[in-house]
Amino acid sequence: MSKTEKQTEEEILSLFFERQETAIEAFAAYDGNCCYRIAYGITENKESAEECVDDLYLQLWNSIPPEHPESLRAYACKIVRNLALNLIKKQKTQKRAALLVELDESTADIPDADVSELGEILDTFLAEQPRVRVLIFMRRYYYSDSVAHIAKITGYDENKVSRILSKMRKELKKYLERGGIKV
């Protein structure tokens, strides 16, 4: 079989079962582009999509055998989809962690015992705020939106959004202290 001729799924699966290193190349030629499109559609980033596809190849190599999927395409698409979703989740967690550092000036030294109360106190704090301020706070610290994006949503300029967030963090700190949580 020539290198330009595509192999069938069964032929590619046979290569995996025979532990032939050409299995990865054969799969890449067979369905690599489809898997890349799935990963790119989720991550919206070329490098992230390529990372997911590379991780897919490793997972295929490590899981076949013992797995013998009925459809190699469906099996690979499911794996690459999960890899891309996990990568997005990891990136959002890292982004959220950076935002928590920003919010940390209000909540820095909360003892572990008081953390369980924090959600209720935060809900009460936000319930007392004007709707637009709640929107700004939630968009920034829950949805991890950028200040620029929040400004676009609200019609405010970025400086005003930043000032509102800064003021809310200071107010939250005072509110927590009034609620008996030492900050």
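Visitor: Does asparagine 82 count as buried, partly exposed or exposed, and what is its relative accessibility?

Guide: This is a predicted model. Burial is read from relative accessible area: under 20% is buried, over 50% is exposed, and partly exposed is in between. Asparagine 82 has 32% relative accessibility, so it counts as partly exposed.

Visitor: Where does asparagine 82 lie?

Guide: Asparagine 82 lies in helix α4, which covers residues 72–107.

Visitor: How do I read the packing of two helices?

Guide: Two numbers describe a packed pair: the angle between the axes and the distance between them. Take helix α2, residues 22–43, and helix α3, residues 46–63. They pack at an angle of about 135°, and their axes are 8 Å apart. α2 and α3 are therefore oblique to each other. Their crossing is right-handed.

Visitor: Which residues of α2 and α3 meet?

Guide: From α2, the residues include Ala23, Ile24, Phe27, Tyr36 and Thr43. From α3, they include Ser48, Ala49, Cys52, Leu56 and Trp61. By class, this contact has 15 nonpolar, three polar and two charged residues.

Visitor: Is threonine 43 buried or exposed?

Guide: Threonine 43 has a relative accessible area of 9%, so it is buried. Its place is in helix α2. Leaving out residues up to four places away in sequence, threonine 43 touches Ser48, Ala49, Cys52, Ala84, Leu87 and Ile88.

Visitor: Which residues are buried in helix α6?

Guide: Helix α6 spans residues 131–141. Its buried residues are Arg133, Ile136, Phe137, Arg140 and Tyr141. Look down the axis of α6: these buried residues fall within an arc of 100°, so they line one face of the helix.

Visitor: What percentage of the chain is made up of buried residues?

Guide: The chain has 183 residues, and buried ones make up 35% of them.

Visitor: What share of the contacts join residues at least 24 apart?

Guide: Start with contacts between residues at least 6 apart in sequence. Of these, 63% join residues at least 24 apart.

Technical notes
Residues numbered from 1 in each chain as written. Predicted model: local features only at pLDDT ≥ 70, side-chain atom pairs only at ≥ 80, totals over all residues. Heavy atoms only, no water. Axes fitted to C-alpha atoms, helices over the stretch in contact; angles between N-to-C directions. Helix = DSSP H or I, 4+ residues; strand = E, 2+ residues; numbered from the N terminus. Parallel < 35°, antiparallel > 145°, perpendicular 65-115°, else oblique. Left-handed = near helix turned anticlockwise from the far one by under 90°. Contact = heavy atoms within 4.5 Å. Nonpolar A, V, L, I, M, F, W, Y, C, P; charged D, E, K, R; others polar. Buried < 20%, exposed > 50% of the residue type's maximum accessible area, 1.4 Å probe, protein only. Arc of directions from axis to C-beta.
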